[in-house]
Amino acid sequence: MIKAMMQAFTNLFKPVHTVKYPFEEDVVLPKDYRGLIEYSEDDCIFCDKCEKACPPKSIVFYQHPDGSKEYKYNAWLCIYCGECVRACPKPGEALWQSEKKPLSATKEQDVNNEWFVWQRAAAESRENHAAMKKAAKEKKRQEKES
Ligand code: SF4
Ligand code: SF4
């Protein structure tokens, strides 16, 4: 007990090795540090593999009626596991893990609700697109039969 107290007292006068992140940004990143996910729409082939591979669902594509897709990433939900990059057929071009540090949300940012709205809209956009495709297929079939 006395030994432990002596050790604790001695530690008070030793140099501090921790950083008060995010108030102090001066952090030395380790090799292979996994930070924020970055994306290039120009290189993406919209295969959705990243979305399917993401455990917390922090990548979600919105399906536009013209067939194009819109990417959105939730940096606050991301657990920096890198599964999306591993699943991507164009890692390093369409999707990559940068050395950018995680973001901390401010009180003013409504990150969760904004994301829920996006998720619902994206799910709806896919249902609408699937229904549109089904109707077009059915119409084609009927035209073929008549
Ligand atoms: S790093 Fe992991 S949690 Fe973050 S977007 Fe990729 S798969 Fe999802
Ligand atoms: S896995 Fe890669 S290529 Fe496929 S949608 Fe995601 S970013 Fe685009």
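**Close-up 1. Ile37 in strand E1 of the predicted model.** Ile37 lies in strand E1, where helices (H or I, at least four residues) and strands (E, at least two) are DSSP runs, numbered from the N terminus. This is a predicted model, in which local features need pLDDT of at least 70 and side-chain atom pairs count only at pLDDT 80 or more, while totals for chains, interfaces and linings use all residues. Residues are numbered from 1 along each chain as its sequence is written, chains are lettered from A and ligands numbered from 1 in the order in which they are written, and side-chain values use heavy atoms, with hydrogens and water left out. With a relative accessible area of 6%, Ile37 is buried, a class that means under 20% relative accessible area, as against exposed at over 50% and partly exposed in between (1.4 Å probe, protein chains only). Leaving aside neighbours within four places in sequence, Ile37 is in contact with Tyr71, Tyr73, Cys78, Cys84, Val85, Leu95, Trp96 and Gln97, contact being heavy atoms within 4.5 Å. Phe116 is 79 residues from Ile37 in sequence, and their C-alpha atoms are 20 Å apart in space.

Close-up 2. Ligand 1 sits in the second largest cavity. On a 1 Å grid over the protein atoms alone, a cavity is a set of points where a 1.4 Å probe fits but cannot get out, and a molecule sits in a cavity if more than half of its atoms lie within 2 Å of its grid points.

Close-up 3. Ligand 2 sits in the largest cavity and has 13 residues around it, the closest being Cys44, Cys47, Asp48, Cys50 and Cys88. The shell around ligand 2 comprises eleven nonpolar and two charged residues, with no polar ones. Asp48 is found in the loop between strand E1 (37–39) and H2, and at 9% relative accessibility Asp48 counts as buried. Phi of Asp48 is near 70 degrees, which is a positive value in a residue other than glycine.

Close-up 4. Ala53 belongs to helix H2 (residues 49–53) and is partly exposed, with a relative accessible area of 26%. Although Ala53 and Ala87 are 34 residues apart along the chain, their C-alpha atoms are separated by 6.5 Å. Neighbours within four places in sequence set aside, Ala53 is in contact with Glu83, Cys84 and Ala87. Lys57 has its place in the loop between H2 and E2, and there its phi is near 65 degrees, a positive value in a residue other than glycine. At 38% relative accessibility, Lys57 counts as partly exposed.

Close-up 5. Ser125 is found in helix H4 (residues 111–145), whereas Gln63 is found in strand E2 (residues 59–63). Ser125 counts as buried at 7% relative accessibility, and Gln63 is likewise buried, with a relative accessible area of 10%. The side chain of Ser125 reaches the backbone nitrogen of Gln63 at 3.0 Å, while the side chain of Gln63 reaches the backbone oxygen of Gly67 at 3.1 Å. Not counting residues up to four places away in sequence, Ser125 touches Tyr62 and Gln63, and on that basis Gln63 touches Ser68, Lys69, Ser125, Arg126 and His129.

**Close-up 6. Tyr21 in the loop between H1 and E1.** Tyr21 lies in the loop between helix H1 (2–11) and E1, and at 36% relative accessibility Tyr21 counts as partly exposed. Residues up to four places away in sequence not being counted, Tyr21 touches Val27, Lys101 and Pro102. Gln119 is 98 residues from Tyr21 in sequence and 31 Å away in space, C-alpha to C-alpha.

Terms used:
Near = heavy atom within 4 Å. 1 Å grid on protein atoms, 1.4 Å probe; cavity = no way out; pocket = protein on both sides within 12 Å on 5 of 7 lines; lining within 4 Å. Nonpolar A, V, L, I, M, F, W, Y, C, P; charged D, E, K, R; others polar. Polar contact = N/O pair within 3.5 Å; in protein donor to acceptor, adjacent residues only side chain to side chain.
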